[in-house]
Amino acid sequence: MQKLNQDPFLWTELRYAIVFDRDQLAFKTLFKKFYPDLYDFGHAIIKSPVPVEDIISEIFMKLWLLEDKLMEIENIKTYLFRSVRNNAIKYLERQHTHVDISEIIDFNYQYPSVEQEYISSENLKIIQQIIDELPSKCKMAFTLVKELGFTYHETAAIMEISTNTVDRHIQLALRRLRDSITCRKINS
């Protein structure tokens, strides 16, 4: 899986090519760049591959049909992740009448960060277990900020919460990680 921030992404150039030239290659480049991470993010919410693929396909189809209005989208990454989140929630609402959308149930996004590659597999298991035990929204905010490299502002836009709430989620996650790791080191 590719990390979103590893290579320079020229959204402005792609956007102009898609809007003014209706360049299918530019659109395909956009799709290929984001699809793996969007899929993993959507799958973490829905837990089923086919609906996630359908959701992403629909989002990109709507994006293509925006034509001139595509120029209004300044941050495509935030736009796409928010669209996946919102459409995944709508899908869950249609499937289950009593889904508590305020806590997207069992948000479970697995993405090894650079830091995780250097941590022993045993410690990594402990850290992943602690992250898995976080409240769902807290886990989503932590994943978006710390593992996918979104800013607090972008995360707030994706989750449709304030940046202060994102900050509280991150602080809670870091506090729980620190406390759990400290406790386990003392007990070891």
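## Lysine 77 and glutamate 154

Lysine 77 forms a salt bridge with glutamate 154, with 3.9 Å between the closest N and O atoms; a salt bridge is a side-chain nitrogen of Lys or Arg within 4 Å of a carboxyl oxygen of Asp or Glu. The pair links distant parts of the chain, since lysine 77 is in helix 4 and glutamate 154 in helix 8, 77 residues apart. Helices here are DSSP runs of H or I with at least four residues, numbered from the N terminus. Lysine 77 and glutamate 154 are both buried, where buried means under 20% relative accessible area, exposed over 50% and partly exposed in between (1.4 Å probe, protein chains only).

This is a predicted model, in which local features need pLDDT of at least 70 and side-chain atom pairs count only at pLDDT 80 or more, while totals for chains, interfaces and linings use all residues. Residues are numbered from 1 along each chain as its sequence is written, and side-chain values use heavy atoms, with hydrogens and water left out.

## The other salt bridges

The structure holds 3 salt bridges. One of them joins glutamate 160 to arginine 85, with the closest N and O atoms 3.5 Å apart. Glutamate 160 lies in the loop between helix 8 and helix 9 and arginine 85 in helix 4, so this pair ties together parts that are 75 residues apart in sequence. Arginine 85 counts as buried because its relative accessibility is 7%.

Another salt bridge is formed by the side chains of arginine 15 and glutamate 74, at 3.7 Å from N to O. This pair also links distant parts of the chain: arginine 15 belongs to helix 1 and glutamate 74 to the loop between helix 3 and helix 4, 59 residues apart. Glutamate 74 is exposed, with a relative accessible area of 59%, whereas arginine 15 is buried, at 5%.

## Surroundings of arginine 15

Helix 1, which holds arginine 15, covers residues 11–21. A polar atom of the arginine 15 side chain lies 3.1 Å from the backbone oxygen of methionine 71. Not counting residues up to four places away in sequence, arginine 15 touches Leu70, Met71, Ile73 and Glu74; contact means heavy atoms within 4.5 Å.

## The largest nonpolar core

A nonpolar core is a set of buried Ala, Val, Leu, Ile, Met, Phe, Trp, Tyr and Cys residues joined through side-chain atoms within 4.5 Å. The largest such core has 49 residues, of which Leu30, Phe60, Leu63 and Leu144 touch the most other members. Elements giving two or more residues to this core include helix 2 (24–46), helix 3 (49–65), helix 4 (76–95) and helix 9 (163–187). Helix 2 gives the most to this core, with 9 residues. At least three residues of this core come from each of domain 1 (1–101) and domain 2 (112–187), the bounds being taken from an automatic or database domain assignment.

Leucine 144 is in contact with Phe41, Phe81, Gly149, Phe150, Thr155, Ile158 and Met159, leaving aside its neighbours within four places in sequence.

## Isoleucine 56

Isoleucine 56 is placed in helix 3 and is buried, with a relative accessible area of 0%. Beyond residues up to four places away in sequence, isoleucine 56 touches Phe31, Tyr35, Leu38, Tyr39 and Val84. The C-alpha atoms of isoleucine 56 and phenylalanine 81 are separated by 9.8 Å, and these residues are 25 apart along the chain.

Notes: A polar contact is a pair of N or O atoms within 3.5 Å; within protein, one must be able to donate a hydrogen and the other to accept it, and residues adjacent in sequence count only if both atoms are side-chain atoms.
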